[in-house]
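Subject: A structure for you to explore

Hello,

Here is the structure I promised to pass on to you. Please open it beside this email and look for each part as you read.

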Amino acid sequence: MSLASALSTAQSIFTNSGTQSGVVSKNIANAQNPDYVRRSAVVVTGGNGAVIDDIVRAQNSPLLRQTIESSSVASGQATLLAGLTEIKNLMGGNDSEISPAKLITAFRNNLDAFTSKANDTGLGGAVISTAQDLASGLNTAADKLQKIRKDADDQIKQDVDTLNALLAKFEAVNNQVKNATASGADANDALDERDGLLKKISEIVGVTSYVRGDNDMVLYTSDGVTLFEAVPRKVTFQATAAFDASTVGNGVYIDGVALKPGVSGNTTAKGSLQALMQVRDTVAPIFQSQLDEIARGLITVFAETGPTGLLVPQTGLFTYKDAAGVQQTAIPAAGAVVPGIASRIFVNPVVVPPTGTPDKLRDGGINGAAYVVNTGGSSYRDLLDKYNESLEGPMTFDTNTQIADAPDLLSFAADSMGWLEQLRSTATASDETKTALLTRTLEAYSSSTGVSLDEELSLLLDIEQSYKAGTKLMATVDEMMQALLDIAS
């Protein structure tokens with residue numbers, strides 16, 4: 001080896017060591033960055049030794065796609081479960097202490113006691129008090145349920161705004177990737193940033209990607225709608241100012257195509273948007289319809305029909321207001337939901353002390369003298385027995401409630417909580433499964449593309465040895481040059 005080639009080899013060692021040290025240092029600095037993909041300096045044989053050919057990312061496209069998919073389904077499931085848990089909490093949490101079923105049971109216990117001792121005005125007052133608790137519980141649950149819908153609607157608006165902002169950033173970064181790839185520059189940092197944005201987008205909406213020439217990426221939704229191609233497609237949504245039982249929320253449109261809400265407890269939702277729409281447009285409205293049917297059932301059971309049972313039925317113990325706030329006396333039609341009646345049901349003031357009296361529940365006459373049933377004294381219990389038995393009497397419910405096969409009001413109220421709990425139980429199990437899948441996918445992706453500090457530190461030791469070899473070669477060349485100079489002199 002000539003002195004010139006020895007110097008060239010030493011220079012190559014120092015250059016390679018410097019580049020490799022830089023790559024390893026960057027890897028170590030980003031060891032905790034989930035969006036960073038490990039870099040490697042590719043060394044190839046050159047004219048005077050090894051040279052750095054390229055800096056490459058440890059990219060794993062199949063695992064990245066699986067990570068994006070897992071992130072979408074886990075986000076959708078977690079969002080649905082959060083909505084169902086919030087609805088569950090309206091009922092008093094795990095024990096459902098303020099659910100309609102529990103409130104009806106407490107009310108009926110007092111009604112039983114009053115029936116057995118119909119001349120006890122104290123027991124009559126307890127019946128009216130628990131009836132007020134029942135009506136108030138339905139009011140509160142229905143109103144808070146609409147607030148949950150409004151909160152979901154607000155979150156949809158926020159997610160849509162976030163998605164549009166992410167797509168705008170994605171466009172800028174994607175252009176950086178394309179330009180760097182076309183010019184042969186280093187696109188690795190831009191690729192990391194683009195993959196990070198893709199992960200965030202996938203948490204909001206299900207997305208699939210396709211890479212074409214110059215590393216240009218195209219995005220589609222899970223339903224095949226173009227989300228990004230050269231430029232972002234517009235995601236639009238108009239928030240609703242307020243919700244009641246009759247309100248239908250506005251749709252989310254991607255490139256003019258409506259996004260579909262998720263379906264079932266093991267939701268089909270991919271990303272938070274579809275799950276939020278499922279809570280707002282499916283789960284909460286169905287539960288609202290169940291509350292409305294419970295309220296309608298109570299009004300029907302305690303309707304007054306007079307001593308012969310042939311008078312026009314009028315609202316009795318429980319009555320309600322229309323949407324304009326006017327008290328009604330007509331009994332709602334059987335088997336059909338009256339939207340929002342659960343938020344407008346209340347106990348008739350005629351039976352509420354001190355201005356009213358529970359005796360009118362026992363005797364009839366809430367709607368006037370023509371409706372009085374009892375003229376036999378304070379121990380009369382037949383009318384109370386009739387009301388009590390009617391709670392378990394045959395009743396027809398709206399099929400839209402999904403529990404219309406319940407035979408009576410008590411069963412319907414119990415089935416309502418069963419429906420909610422079954423849905424939440426399915427969502428909980430599915431959330432655990434999908435979260436576990438996401439965790440395993442992230443671990444696999446991190447193992448393939450992430451930074452291992454042990455490996456990087458070991459590589460630093462190798463680089464250090466290489467650098468030492470270069471310095472030793474330089475020292476040898478220096479000694480040889482000095483010997484030549486000494487001979488020449």
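Below are some notes on its sheets, cores and salt bridges.

First, some ground rules. This is a predicted model, in which local features need pLDDT of at least 70 and side-chain atom pairs count only at pLDDT 80 or more, while totals for chains, interfaces and linings use all residues. Residues are numbered from 1 along each chain as its sequence is written, and side-chain values use heavy atoms, with hydrogens and water left out.

Let's start with the strands. Helices (H or I, at least four residues) and strands (E, at least two) are DSSP runs, numbered from the N terminus. Two strands pair if DSSP finds at least two bridges between them. An open sheet is built from three strands in the order β11-β10-β12, with antiparallel pairing. β11 (327–328) and β12 (345–347) are at the edges with a single partner strand each, so one side of each has no neighbour in the sheet. Two bridges hold β10 (residues 318–321) and β11 together in the antiparallel sense, and Lys321 has Gln327 in β11 as its bridge partner. Helix α6 (residues 272–301) packs on this sheet and touches β10 and β12. Contact here means heavy atoms within 4.5 Å. The direction of α6 makes about 125° with that of β10; axes are lines fitted to C-alpha atoms, for helices over the stretch in contact, and angles run from 0 to 180 degrees between N-to-C directions.

Elsewhere, β4 (residues 216–221) and β5 (residues 226–229) also pair in the antiparallel sense over two bridges, with Leu219 opposite Phe228 in β5. Their hairpin has four residues between the strands, and Gly224 there takes a positive phi near 90°. β5 is also joined by two bridges to the antiparallel strand β6 (residues 231–232). In that hairpin, Ala230 takes a positive phi near 70°.

Now to the inside. A nonpolar core is a set of buried Ala, Val, Leu, Ile, Met, Phe, Trp, Tyr and Cys residues joined through side-chain atoms within 4.5 Å. Buried means under 20% relative accessible area, exposed over 50%, and partly exposed in between (1.4 Å probe, protein chains only). The largest nonpolar core has 64 residues, and those with the most contacts inside it include Phe107, Leu317 and Val347. Which element gives the largest share of this core? That is α6, with twelve residues. Another core, of 37 residues, lies apart from it, and Ile68 and Val160 are among its members. Back in the 64-residue core, Leu317 touches residues including Phe107, Phe302 and Val347, not counting residues up to four places away in sequence.

Finally, the charged side chains. A salt bridge is a side-chain nitrogen of Lys or Arg within 4 Å of a carboxyl oxygen of Asp or Glu. How many salt bridges does the structure hold? There are 24 salt bridges. In one of them, Asp151 meets Lys147, with the closest N and O atoms 3.0 Å apart. Both lie in helix α4, four residues apart, about one turn of the helix. Asp151 is partly exposed, with a relative accessible area of 29%. Asp153 and Arg280 form another salt bridge (2.7 Å, N to O). This pair links distant parts of the chain, 127 residues apart, with Asp153 in α4 and Arg280 in α6. Asp153 is buried at 0% relative accessibility, and Arg280 is buried at 0% too.

Happy exploring!
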